[in-house]
Amino acid sequence: MLFGGGPIVASAAISFTDWSLLSSPSFVGAANYVKLVQDPVFYTALGNTVYFAAASVGLGVVSTLGLALLLNLPLRGIAAFRTIFYLPSVVSGIATALLWVNILHPDFGMINYLLGLAGIQGPGWLTAEEWAVPALVLMSIWGAGNTIVIYLAGLQGIPQSLYEAAMIDGAGWWRRLRHITVPMLSPVVFFNVVTGFIASLQAYVLVLVMTKGGPANATLLLGLYVYRQAFEYFDMGYAAALSWALFAVVILVTLVQFRLARRWVHYEVA
């Protein structure tokens, strides 16, 4: 309540004030929210945020589930591979950002170097508007070790008797994946989608370090816009209003996901 609820209530009160941190706050009513509705940069940040969240979660679900399926195979030394794939998730955000700035560098970065070996001219990943967000999405997959662990737990909780019965009936790998693994794993997928969207919609640290919202606001996310208004422009009232707008977006996206979950999430009935 002290470190969570208190700041939430305080930010709601601050959003109705004009406060620069250097003077006492003055009540301005809904002026910050009116400014928000009329702010074109807000809509740019909102579009970038939804784009980044949808792309990173979509690609993340496919890639991490695929890796979890591979890491669930009964092979010798598989525990070592599980550790290797999990390790990036414990690296600090700043270190991850600095690492990927070098990997994505247009001149001496590893990705463009490998593309050059194949005769492909690599783009300016973090300097071209059309490639900046895809570069951030690519980077977000690298630290998805926690998601892989959750998928592994879900996969190991599926009864092997279901696979054995399906194999006796002649079901191949693809049919077992489609009719057993995916339906039985759907609650876990749903959990990872919801938490992934919440985290992606609030992302800002990596973007702050890597691109600072550029080029031309192509990577300006709502979280970074809140930070910029609060600690660069010292407009705490408007920053608080933006944070509540971000909260509303998170709630709306989460409610839509729960609504759609009725169509594809299957729970085992005892």
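Predicted model: local features only at pLDDT ≥ 70, side-chain atom pairs only at ≥ 80, totals over all residues.

Trainee: Why is Thr-219 called buried?

Mentor: Buried means under 20% relative accessible area. Thr-219 has a relative accessible area of 0%, so Thr-219 is buried. Thr-219 is found in the loop between α11 and α12.

Trainee: What makes the pair Thr-219 and Thr-211 a polar contact?

Mentor: The cut-off for a pair of N or O atoms is within 3.5 Å. The side chains of Thr-219 and Thr-211 are joined at 2.7 Å, so the pair meets that cut-off. Leaving aside neighbours within four places in sequence, the residues in contact with Thr-219 include Asn-48, Ala-132, Leu-136 and Val-207.

Trainee: How many residues line the largest pocket, and which lie nearest its centre?

Mentor: The lining has 35 residues, and Ser-140, Gly-143, Ala-144, Ala-199 and Ser-200 lie nearest the centre. Among the elements giving two or more residues to this lining are α3, α7 and α10. The space in this pocket is about 830 Å³.

Trainee: How do its lining residues divide by class?

Mentor: There are 19 nonpolar, 16 polar and no charged residues.

Trainee: What about the second largest pocket: which element gives the largest share of its lining?

Mentor: That is α13, with eight residues. The lining has 16 nonpolar, four polar and no charged residues, and about 570 Å³ of space lies in the pocket.

How values were computed. Residues numbered from 1 in each chain as written. Heavy atoms only, no water. 1 Å grid on protein atoms, 1.4 Å probe; cavity = no way out; pocket = protein on both sides within 12 Å on 5 of 7 lines; lining within 4 Å. Points joined across faces, edges and corners; volume = space filled by probe spheres on them. Helix = DSSP H or I, 4+ residues; strand = E, 2+ residues; numbered from the N terminus. Nonpolar A, V, L, I, M, F, W, Y, C, P; charged D, E, K, R; others polar. Buried < 20%, exposed > 50% of the residue type's maximum accessible area, 1.4 Å probe, protein only. Polar contact = N/O pair within 3.5 Å; in protein donor to acceptor, adjacent residues only side chain to side chain. Contact = heavy atoms within 4.5 Å.
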